[in-house]
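Subject: Structure handover

Hello,

The sequence and coordinates are below, followed by notes on what was found in them. Please read the notes with the structure open.

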Amino acid sequence: QVQLVESGGGLVQPGGSLRLSCAASGMSFSSYVMGWYRQAPGKQRELVASTTSGGSANYADSVKGRFTISRDNAKATVYLQMNSLKPEDTAVYYCHAEERRGGVLISNYWGQGTQVTVSS
């Protein structure tokens with residue numbers, strides 16, 4: 001079965017950095033658009049960044065210039081490098097995998113989430 005396992009979350013001071021990783025298994029990784037979402041307490045889950053199999057990236061305005069998404073198709077892993085972290089980046093971060101064909105959603109999967117807390 002498909003598994004997405006996140007790691008790398010934790011507590012960091014404002015201005016600090018963290019790198020999240022998401023290791024995928026049980027799927028044809030290169031066929032999927034991979035993304036990171038986050039959900040803060042009392043708020044809706046939102047897209048942070050996504051990357052296509054070819055490496056094209058898309059970012060939420062709130063993280064542009066601070067976060068970088070990347071993927072290693074050989075390792076079936078997607079990363080989120082987070083720099084200049086702010087308290088408002090505090091949330092549970094979820095890895096997401098989505099496969100579309102002709103614009104139609106074929107399948108999608110979620111990881112279990114990893115907590116990121118930005119606080120002094």
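Four strands, in the order β1-β3-β8-β7, make up an open sheet with antiparallel pairing. β1 (3–7) and β7 are its edge strands, each pairing on one side only. From one strand to the next the twist averages 15° (axes are lines fitted to C-alpha atoms, for helices over the stretch in contact, and angles run from 0 to 180 degrees between N-to-C directions). Strands here are DSSP runs of E with at least two residues, helices are runs of H or I with at least four, and both are numbered from the N terminus. Two strands count as paired if DSSP finds at least two bridges between them.

The model is predicted: local features need pLDDT of at least 70, side-chain atom pairs count only at pLDDT 80 or more, and totals for chains, interfaces and linings use all residues. Residues are numbered from 1 along each chain as its sequence is written, and side-chain values use heavy atoms, with hydrogens and water left out.

Within that sheet, β3 and β8 run antiparallel and are joined by six bridges, with leucine 18 opposite methionine 82 in β8. Six bridges also join β7 to β8, again antiparallel, and serine 70 stands opposite tyrosine 79 in β8. β7 and β8 form a hairpin with four residues between them, and alanine 76 in the turn has a positive phi of about 50°. On β7, Phe67, Ile69 and Arg71 make up the covered face, while Thr68, Ser70 and Asp72 make up the uncovered one.

Other pairings are as follows. β4 and β5 run antiparallel with five bridges, and tyrosine 37 stands opposite leucine 47 in β5. Their hairpin has six residues between the strands, and glycine 42 in it takes a positive phi near 80°. β5 in turn is joined to β6 (residues 57–59) by three bridges, antiparallel, with threonine 51 opposite alanine 57 in β6. The hairpin of β5 and β6 has five residues between the strands, and glycine 55 there takes a positive phi near 100°.

The largest nonpolar core has 29 residues, and Met34, Trp36, Leu80, Met82 and Tyr93 have the most contacts inside it. At least two of its residues come from each of β3 (18–25), β4 (33–39), β5 (46–51), β7 (67–72), β8 (77–82), β9 (91–101) and β11 (114–118). A nonpolar core is a set of buried Ala, Val, Leu, Ile, Met, Phe, Trp, Tyr and Cys residues joined through side-chain atoms within 4.5 Å. Buried means under 20% relative accessible area, exposed over 50%, and partly exposed in between (1.4 Å probe, protein chains only). Leaving aside neighbours within four places in sequence, the contacts of leucine 80 (heavy atoms within 4.5 Å) include Leu18, Trp36, Val48, Ile69 and Tyr93.

There is one disulfide (a pair of cysteine sulfur atoms within 2.5 Å). It joins cysteine 22 to cysteine 95, S to S 2.1 Å. Cysteine 22 lies in β3 and cysteine 95 in β9, so the pair ties together parts that are 73 residues apart in sequence. The link is left-handed, with -80° about the S-S bond, and both cysteines are buried.

As for the whole protein, there are zero helices and eleven strands. Of the 120 residues, 42% count as buried. The C-alpha trace spans about 45 × 30 × 25 Å along its principal axes.

Regards
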